[in-house]
Amino acid sequence: MEKAPEIWLRYNRPMSIHILPDDVASQIAAGEVIERPASVIKELVENALDAGASQIDISLQGSGQPFIEIQDNGRGMSAEELPLAVARHATSKLSTADDLFRIQTLGFRGEALASIGSVSLMTVQSCRKSDQIGAEIKVEGGKVFLPKPKVFNSGTSVQVVNLFYNVPARLKFLKKDATERQNNENFILKYALAYPKVKFTFTQDGQTSLQTSGSGDRREAIAAIYGLEYARSMMDVSHDDADYHVEGFTSPISLTRSNRREMTFFVNGRWVQDPALSAALLQAYHTYLMVGRYPIAFLYLYLPSDEVDVNVHPAKAEVRFRSPDRVFSLLQRAVRKAILMHSPVPEISTNLVWQTPVADTAQEYSQGQSPEILQSDLGVARQPLFAVNPENSGESQISLLRLVGQVGATYLVAEGPDGLYLIDQHAAHERVLFEKYQRSAVGTIPSQILLEPVLVHFNSVQAGLLNSQLGMINQLGFQVEAFGATSYLIRSIPSLFANLSPEAALRVLVEDFEEDENPMQAEAEAKLIARICKRAAIKGGQILSTQEQSQLLYELENCTSPRTCPHGRPTMIHLSVDLLERQFGRRGAR
Ligand code: ADP
Ligand code: MG
């Protein structure tokens with residue numbers, strides 16, 4: 001007789017349907033709301049905002065897993081309210097099902113405090129303005145203790161100790177400390193910016209790492225968080241469509257990121273991640289940004305509360321719009337308006353196209369381009385770029401590609417033994433720079449000392465990342481040192497990138513860490529170099545003199561992998577003689 005498969009046996013074991021014990025049920029529910037330390041911060045900050053606080057102090061130890069405290073000066077709770085506040089489905093924010101369709105507060109599910117209390121040791125202290133003395137309640141792994149009187153200033157403080165101490169599975173799934181910290185900070189920065197009228201203080205391991213004034217000026221809050229320079233360059237967005245309103249900031253087309261992480265949207269005061277909103281923003285920048293570059297934006301949408309359904313997900317990070325198209329076009333038009341007001345459409349001027357090649361060479365290249373490419377290694381024996389027929393291989397000193405010219409200030413046209421080549425000048429130059437950089441061994445990369453060191457400010461998240469990678473950066477031909485908590489001095493940069501702004505070069509590197517936090521060392525270096533080459537390479541739309549064009553072609557031919565840029569996109573398109581002949585009906589189709 002055949003043996004039943006093991007899995008079958010397991011499922012056949014008699015198992016009656018039963019209601020889950022309370023502690024199991026509440027842990028399952030808690031898992032939906034509280035996934036990580038940042039979710040605790042989110043829920044508690046939202047509660048403080050709902051309580052009308054004008055000051056919120058957030059204090060964390062480590063990743064927040066051992067300790068989180070959030071204190072506000074909001075309306076507070078009475079001793080009688082405390083046991084209700086920590087009970088599941090207890091809320092002061094809605095009472096009928098109808099209320100769900102016009103939610104004005106950030107919370108409404110009455111789940112957060114109960115959930116946090118079921119997976120940690122939580123203490124809530126609170127006092128209303130009208131009360132003489134406050135109260136305190138403790139919850140340990142879901143077990144609620146009786147409230148006790150407690151002397152406390154008006155407002156509320158929630159302390160969360162040893163989050164997930166009783167949920168080992170969840171604890172295991174926490175990312176490494178640095179990632180959780182980044183999540184926490186990210187969240188705090190976003191809310192501090194979204195609520196400029198609230199004075200936020202963020203203390204990490206006893207050190208104040210962020211403080212906003214609560215003056216109500218959002219640009220000032222941006223400056224406090226990201227630095228003055230950054231705050232100055234962001235463009236205002238403000239646009240109305242009847243009862244829909246959007247405001248905020250978006251970056252000029254010269255200030256971009258390599259990831260979407262700094263595209264932030266708030267809907268009625270709530271941070272939401274919605275691909276449709278991102279799409280609308282990108283649409284507004286369409287044709288203004290290079291592929292793979294993203295704007296930085298902080299956009300705050302205000303819609304009548306019955307136009308948004310926020311009750312889509314327990315963490316409330318998703319919303320549903322009643323008229324998605326209207327929201328989309330509001331956002332897109334608002335941002336487009338800001339871009340058009342600040343950035344004229346680039347034009348190719350014809351007198352530049354026709355100027356004589358020799359005189360302007362150095363000058364043209366000096367616009368974001370290393371002069372090194374001009375005086376390159378003419379003596380080096382040339383490696384043939386393409387597979388050629390044997391009779392050509394003796395002529396290694398002769399260029400295999402004959403330059404025809406430049407098209408649209410973006411492509412080079414060249415003729416080879418086997419047809420026509422269209423070369424993307426940006427991708428080609430990226431490749432050339434990349435191989436030059438890689439040819440110098442790490443640690444011996446020629447660098448150029450700046451006449452004056454350049455001071456660059458980062459936000460605390462970026463500074464943390466930069467700190468961890470400083471050693472590697474300094475191996476790559478940079479000389480960068482910390483200068484205060486989140487500022488850095490650049491003393492030298494790789495010579496190859498001498499004509500790139502030192503600040504831009506360093507920022508490009510930091511963005512790369514953000515994208516991929518823990519790559520292998522060698523891989524990380526290659527990625528960093530590729531990133532910076534992309535930035536330093538001549539762009540499409542840049543007119544090159546004939547000499548520069550041939551130089552680029554020549555150097556591309558000398559590359560080991562000339563056919564793709566370091567990011568894997570093609571540098572050239574080949575139209576073979578055969579193809580041309582067929583297209584012109586000289587062969588085949590009779
Ligand atoms: P929700 O925010 O969805 O109502 P919570 O579990 O987060 O659910 O909070 C439960 C209730 O406790 C809230 O409705 C509110 O009345 C009260 N509460 C929570 N935090 C605060 C606070 N910081 N200040 C005043 N009241 C609070
Ligand atoms: Mg809440």
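The following dialogue asks how the terms used for this predicted model follow from its values.

Tutor: In this predicted model, local features need pLDDT of at least 70 and side-chain atom pairs pLDDT 80 or more, while totals for chains, interfaces and linings use all residues. Residues are numbered from 1 along each chain, chains are lettered from A and ligands numbered from 1 as written, and side-chain values use heavy atoms, without hydrogens and water.

Student: What makes the pair formed by Asp-72 and ligand 1 a polar contact?

Tutor: A polar side-chain atom of Asp-72 lies 2.8 Å from a nitrogen atom of the ligand, and a polar contact is a pair of N or O atoms within 3.5 Å. Thr-156 also places a polar side-chain atom 3.3 Å from a nitrogen atom of ligand 1, whereas Gly-110 uses a polar backbone atom, 2.7 Å from an oxygen atom of ligand 1.

Student: How much of ligand 1 does the protein bury?

Tutor: Taken alone, ligand 1 exposes 540 Å², of which the protein buries 92% (accessible areas by the Shrake-Rupley method with a 1.4 Å probe).

Student: Why are α3 and α7 called roughly parallel?

Tutor: The axes of α3 (residues 37–50) and α7 (residues 177–194) cross at roughly 20 degrees and come within 8 Å; angles under 35 degrees count as roughly parallel, over 145 as roughly antiparallel, 65 to 115 as roughly perpendicular and the rest as oblique, and therefore the two helices are roughly parallel.

Student: What makes α14 oblique to α18?

Tutor: Helix α14 (residues 425–439) and helix α18 (residues 546–557) pack at about 55 degrees, with axes 9 Å apart, and that angle makes α14 oblique to α18.

How values were computed: Polar contact = N/O pair within 3.5 Å; in protein donor to acceptor, adjacent residues only side chain to side chain. Axes fitted to C-alpha atoms, helices over the stretch in contact; angles between N-to-C directions. Helix = DSSP H or I, 4+ residues; strand = E, 2+ residues; numbered from the N terminus.
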